[in-house]
Amino acid sequence: MSKTVEAYIEEISKDFSSIELSVDNYGMHNAFITKDEIYGVIEKLKEAGFNFLTDLTGSHYPENEGQEFQVVYHLHHFYDNLRIRLKVNLSKDHLEVPSITDLYAGANWMERETFDFYGIQFSNHPNLSRILNVDDMDYHPMRKEFALEDETREDKEDKYFGR
Amino acid sequence: MSEVDIRKQAAVLASTETIDGEIATLNLGPTHPATHGIFQNILQVDGERILSAEQTVGYIHRAFEKLSERRPYNQITPITDRLNYCSSPINNIGWHMTVEKLIGADIPKRVDYMRVIMMELARIADHLVCNSVIGVDTGALTGFTYMFQEREKIYDIYEEICGARLTTNVGRIGGFDRDFNEALITKLRDFLKEFPAKFDEFCSLLERNRIFMDRTIGAGPISAERAMQYSFAGPNLRATGLDYDVRVMSPYSSYEDFDFIVPVGTEGDTYDRFMVRQQEIRESLKIIEQALENMPEGNYHADIPDFYLPPKEEVYSSMEALIYHFKIVMGETPIPKGEVYFSVEGGNGELGYYLVSDGGRTPYRLHFRRPCFIYYQAYPEMITGSLLSDAILTMSSMNVIAGELDA
């Protein structure tokens, strides 16, 4: 008898107060978790069978005051074929989450990539250095303040289309 | 690994095998003919035995995720071509299906079947390159030349539907830009008729070849548990004995209609990876045959005028078509807000698209889950303690594609 994501979250929610579970329009379970509890939650979920880390990445929402950055985890439960998306909101002043490299070896480069592009620090990471960009780069290029094109250009402005 | 650890390991090895005990640093790559792409590995070697390896990646990083944040949805397809360029149609179609999931498009059955044919052809092409290159690295160039001839025929089929061969940019959001034509069907039927015999020749060249087996069995093994730890997917995971296949686990594009098996290995070594891919080629042929036989009637694209370009004749004569054409080309179509993760079974495993839309003309955030990038991490672990020539074999049997690695 296979369990649902809700049942799995229910089981661990005694120990973790911050889990906010919701289902989006596409049937995916999203859970917001604080950065203090994320490691514990992932550890417990892994024990419960979510032992495949599908993806780990970050994103930047400069408008969200106090929660500018987000780390997004996708976990997969093979036996029950369940997927869950975990999110940690981070303030730009405290960009640090615990590394999950000791739970999933594959998280190593994914965390390095997230660090490289967003500057999010992963504590206890064995080798948190840039991976795709050059080592002496002094900024994190996927942040929204870095526009893709030269900002002084006027011919590409979108004002004619109301956006 | 620290110098001390390396020396300790060398001492252990030296006690069991007669190597002179002197450690050398060897740069394998970034451009080495045996690595089939731009990969750098800094190896610590004792004679021919590898004590440790450290990869450097990012040599062809092209900032795809950043570029995507500036491009309307239909202009991202050409970017996906350049991820795993050995099987571009899978990347293209995966991206289209991600957007369709976001907008909730209803896709006709015929499109699903056409997509399955294109994706399975791409899988065959991808696996053929990988497997024939394993042959080259063991010293058998013959199979490679014959299989490349067959791959050309697959590219000829691509050409009939999209005009391109390597970076295909095939299809549109909602389906295809044209139906399968007579020439394509003829070429596909010819391919299905002639390829199995040629492929059997290739199989008889390597599969039970004593020299090839001695060379590949036990080279670069990884256990199922470690492979899971490293988030392996695709043939590399299945070679360890786990039958995870996105096509079966979360069927997309009507894969549930087809009868095929998911081959698995046992040891997770080079030979198993080779054999899993060989078997998958046969399964893909079965799927294509079924899709071609049971191809449903219907339209070759979905009815989503906001995303799918109207026919050119109409653009010049009808007002609505002109408006839609303009809006699509300028990237001014209404997109719902939302967040989707969609994955397809790429040539190398679960190829995922994590897409965040804020309702704007371009994705707010697009992340590619690139199987190569994730499983290449395990490479040092797989080659430590083995011989240099096995390391080359391991890399080619993992099918590490530079385009997908660096994105």
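Q: How many residues lie between β1(A) and β2(A) in the hairpin, and which residue in the turn has a positive phi?

A: The model shown here is predicted. In its chain A, 5 residues separate β1(A) from β2(A) in the hairpin. The turn includes A:Gly27, whose phi is positive, at about 80°.

Q: In which sense do strands β1 and β2 of chain A pair, and over how many bridges?

A: Strand β1 (residues 20-23) and strand β2 (residues 29-33) of chain A are antiparallel, with 4 bridges between them. As for individual partners, A:Val23 is bridged to A:His29 in β2(A).

Q: Which residues of α4(B) and α5(B) meet?

A: From α4(B) come B:Pro89, B:Ile90, B:Ile93, B:His96, B:Met97 and B:Glu100. They meet B:Arg115, B:Met118, B:Met119, B:Ala122 and B:Arg123 of α5(B). Sorted by class, this contact has 7 nonpolar, 3 charged and 1 polar residues.

Q: Why can residues three or four places apart in an α-helix point the same way?

A: An α-helix has 3.6 residues a turn, so residues at that spacing point the same way. In the present structure, the residues of α4(B) that meet α5(B) include B:Ile93 and B:Met97, and also B:His96 and B:Glu100.

Q: What span does α5(B) reach, and is the helix mostly covered or exposed?

A: The 30 residues of α5(B) reach 43 Å from the first C-alpha to the last, close to the 44 Å expected at 1.5 Å a residue. The helix is mostly covered, with 27 of its 30 residues buried. Just after α5(B), B:Gly139 has a positive phi of about 105°.

Q: How many aromatic pairs does the structure hold?

A: Over all chains there are 28 aromatic pairs. One of them joins B:Tyr353 and B:Phe368 edge-to-face, at 5.8 Å centre to centre and 75° between the planes. This pair links strand β5 (residues 349-357) of chain B, which holds B:Tyr353, to strand β6 (residues 365-369) of chain B, which holds B:Phe368; the two residues are 15 residues apart.

Q: Why is B:Tyr353 counted as buried?

A: A residue is buried when its relative accessible area is under 20%. B:Tyr353 has a value of 0% and is therefore buried; B:Phe368, at 1%, is buried as well.

Q: Which aromatic pair is stacked?

A: B:Tyr376 and B:Tyr379 form a stacked pair, 5.5 Å centre to centre with 25° between the planes. Both tyrosines are buried.

How values were computed: Residues numbered from 1 in each chain as written. Chains lettered and ligands numbered in written order. Predicted model: local features only at pLDDT ≥ 70, side-chain atom pairs only at ≥ 80, totals over all residues. Heavy atoms only, no water. Contact = heavy atoms within 4.5 Å. Nonpolar A, V, L, I, M, F, W, Y, C, P; charged D, E, K, R; others polar. Expected span 1.5 Å × (residues − 1). Buried < 20%, exposed > 50% of the residue type's maximum accessible area, 1.4 Å probe, protein only. Pairing = 2+ DSSP bridges. Phe/Tyr/Trp six-rings, centres within 6.5 Å; stacked < 30°, edge-to-face > 60°.
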